[in-house]
Amino acid sequence: NLLKLPDPSDFIIRIEKIHQDLKEFLNRSADAALAALVYLSAEEMERYSAMHAMLTWAVCMMTARHNFKWSEEKIDALGKAALTMNISMTDLQDRLARQQQPLDKEQEQIVLTHPARSRALLETLGVKDTLWLEAVQYHRDHTPGPMASKGEGQQLGRLIQRADVFGARMAPRLHRQSLTVTAAMQASYLDEARQPDEAGAAIVKTLGIYAPGSFVQLVGGEVAIVTRRVLSRPGVMGKEPRVAVVINKDGMAVNTLLDRDTAQPAFKITGALSARDVKVHIVLEQLLKLASSR
């Protein structure tokens, strides 16, 4: 509602409240927050814009905290920019998620110009934070290169752009199929010249190869959803996360999620699956409980 019907009289107060509430959730359990947002982003097509904004927010906040020595003020600007990057095309973004045809020329023009229009709209809504505004303005900048070579606003914009790519590639559209988490990670990791991107590499380092909320195939034939990241070495998430079985080896959906440790040979991950390949409904409370446990 805030993205679709922003009101200058209370916009700043409301976006700050949402940002702070999300930070509290992330601080309680980053894995649970990520698992919920990744899973729901693949499920939600009616309100895709808001779900995608929150997923991009979570990826950016987690990555910035763990990989970049940015001030809390800078990270807060990053988060609010991630939530509002597409505010000038919220309705169109929701329609595109359900549209069966590729974008027409008018839609392409709206998408192309939305960073500048989003910044202008935010300014009319009372936003005066230059970093926030610049991050929104540059969040679709496709200029590769090291983060140190970019201005502060461009740095934030670049991290948002890489997180935006990751989330968008995993989400389904009626006119195209969603990708597996590994394919989405690769799209985020490689820049426009097909070289490792610093911001994208930081995302992979933070989330691991298999992000919470994504689906994987296990060696015994079970299908599972990733619940918690596991460190392979200090500061780097590895390839052996905790997962929960959603489909047993006989191809039947389970009523209760079954916890598995993929570091064990019997539960080794053999590959990633896209959300479209897993036709099950997951009880979110069960997922959150497993993702929050230690």
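This is a short tour of one predicted model, stop by stop.

Residues are numbered from 1 along each chain as its sequence is written. Because the model is predicted, local features need pLDDT of at least 70 and side-chain atom pairs count only at pLDDT 80 or more, while totals for chains, interfaces and linings use all residues; side-chain values use heavy atoms, with hydrogens and water left out.

**Helix α1**

Select residues 11-28, which form α1. Helices here are DSSP runs of H or I with at least four residues, numbered from the N terminus. α1 has 18 residues and reaches 26 Å from its first C-alpha to its last, close to the 26 Å expected at 1.5 Å a residue. That expected span is 1.5 Å times one less than the number of residues.

Now colour F11, I15, H19, L22, K23 and L26, which are buried. Buried means under 20% relative accessible area, exposed over 50%, and partly exposed in between, with a 1.4 Å probe and protein chains only.

Turn to the face away from the buried side, where the exposed residues I13, N27 and R28 are found. I13 counts as exposed because its relative accessibility is 62%. Select A211 as well: its C-alpha atom is 32 Å from that of I13, and the two residues are 198 apart along the chain.

**The second largest pocket**

Next, select N1, L2, L3, I18 and A50, which lie nearest the centre of the second largest pocket among its 15 lining residues. α1, α3 (48-67) and α5 each give two or more residues to this lining, and α3 gives the most, with four.

**Q99**

Move to the loop between α5 (90-98) and α6 (105-124) and select Q99. Is Q99 buried or exposed? Q99 counts as buried because its relative accessibility is 15%. A polar atom of the Q99 side chain lies 2.9 Å from the backbone oxygen of Q101.

**R194**

Finish in the loop between α9 (181-189) and α10 (198-207), where R194 is found. R194 is not a glycine, yet its phi is positive, at about 65°. R194 is exposed, with a relative accessible area of 58%.

Conventions
Polar contact = N/O pair within 3.5 Å; in protein donor to acceptor, adjacent residues only side chain to side chain. 1 Å grid on protein atoms, 1.4 Å probe; cavity = no way out; pocket = protein on both sides within 12 Å on 5 of 7 lines; lining within 4 Å.
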